[in-house]
Amino acid sequence: MYMEILGIITILMALRALITQNRAEKLLYINVIGFSVPAMIALYINTPFALIVAAVFFVCSTISSNAIAYTLNKLDDEIVLDGE
Amino acid sequence: MNEIIGLIIAAIISWLNFVLIDTYLGLPEEPGVKGADNVGHSIKQRGGDLSGGFFQGNILCSPDASAGTLLASIGFMVIGINGGILAAFLVYIGNRLCADPGYAGTTGALTMTVILTIFCDYLGFKPIMFVVGMVIAIFVIQGIHHPASTKLLGTIARKFNRYTKLE
Amino acid sequence: MIYLISETSLLLNYLITIIVSIAVALLLGMPFLPEKPRRFSWTKSAVFPTAIIAMGILAFCFSINFYWLYDGKLLAIIIGVLSAVFVKYLFRYVFPDSPNAEGGNNE
């Protein structure tokens with residue numbers, strides 16, 4: 001039952017992230033996936049090493065979200081050159 | 001302990017643990033990094049609360065008490081009480097990697113370890129309920145409707161006298 | 001969970017390591033608590049990284065069931081001393097100061 005709940009949350013958030021237009025909103029939905037996937041990993045590998053794997057995955061996803069969030073506003077000043 | 005009721009109670013306890021500790025340690029007051037600033041202002045433009053927006057941005061950009069609660073629950077589930085304390089240490093290392101002093105994550109993990117020993121060893125809960133409960137709590141904060149949840153976080157920040165003074 | 005030593009012995013080991021690490025850190029000259037504002041400061045102190053690092057290394061040793069002599073008490077004392085020495089002298093090599101440690105975001 002617990003694995004199914006986590007799976008439903010992950011799929012819902014992935015679909016919602018696909019549909020929304022606003023970039024910051026998408027990032028918050030992806031962050032929920034960054035929580036539910038370590039939980040699924042730990043539920044599946046039910047051994048002590050699961051803590052290390054879940055922690056590493058979680059910290060890596062947080063660092064990449066940090067990097068993406070830093071550049072969110074800078075994309076609006078992009079100048080697109082049409083090659084002639 | 002009935003599974004569904006146990007799951008709901010575990011979700012409420014995990015939600016309270018991470019929201020109260022994060023609010024007390026100042027997450028709604030200012031954005032820890034520039035990314036949290038961007039997310040906070042974007043939520044404010046969509047009709048939310050700025051302080052709650054900074055809270056959400058800080059959850060996104062660095063491991064805070066939400067990470068500590070989740071990893072402490074996972075650690076308690078697979079190893080036991082040593083796992084909760086090891087999770088606090090891992091969250092501290094993760095905080096340092098994200099350029100954050102590290103108070104919120106370690107405090108959240110240690111308090112969650114204490115809560116888990118009380119609930120799982122003496123009151124009949126199972127640690128897996130707290131792991132799934134924490135994911136449900138984050139889903140409620142960040143996955144349903146951002147303006148509404150940021151208004152709730154802003155109200156809690158006002159009660160703790162941690163509302164932001166920035167614009 | 002089943003541990004190889006009793007639960008009171010486990011708690012006693014953690015208490016010993018916290019007290020020993022705080023005591024050695026105070027002896028080496030670190031402040032007891034971080035400077036104010038407590039929630040945002042970057043200074044290392046006796047309570048903040050020292051006690052956490054000591055508890056973390058002890059938890060790692062106990063989770064692989066390495067208790068050594070006297071049910072883990074000697075290990076607790078040694079790890080407490082080592083963690084205080086590490087935080088005082090080697091911390092800045094492993095965790096360098098971040099660029100915005102002087103406060104505030106740039107731009």
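Visitor: Why is helix α3 (residues 49-70) of chain A called oblique to helix α3 (residues 50-61) of chain B?
Guide: In this predicted model, the two axes come within 7 Å and cross at roughly 130°. Angles under 35 degrees count as roughly parallel, over 145 as roughly antiparallel, 65 to 115 as roughly perpendicular and the rest as oblique; therefore α3(A) is oblique to α3(B). The axes are lines fitted to C-alpha atoms over the stretch in contact, with angles from 0 to 180 degrees between N-to-C directions. Helices (H or I, at least four residues) are DSSP runs, numbered from the N terminus.

Visitor: Which residues make the contact of these helices?
Guide: S65(A), N66(A) and A69(A) of α3(A) meet G57(B), L60(B) and C61(B) of α3(B). Two residues are in contact if their C-beta atoms, placed from the backbone, lie within 7 Å.

Visitor: How many residues does each chain give to the contact between the chains?
Guide: Chain B gives 38 residues and chain A gives 36 residues. On the side of chain B that touches chain A, α2 (34-45), α3, α4 (65-78), α5 (81-97) and α7 (127-142) each supply at least two residues.

Visitor: What makes E3(B) exposed?
Guide: E3(B), found in helix α1 (residues 3-24) of chain B, has 12 other C-beta atoms within 10 Å. A residue is exposed if that number is 12 or fewer, buried if 20 or more, and partly exposed in between, so E3(B) counts as exposed.

Visitor: How are residues and chains labelled, and which parts of the model count?
Guide: Residues are numbered from 1 along each chain as its sequence is written, and chains are lettered from A and ligands numbered from 1 in the order in which they are written. Local features need pLDDT of at least 70 and side-chain atom pairs count only at pLDDT 80 or more, whereas totals for chains, interfaces and linings use all residues.
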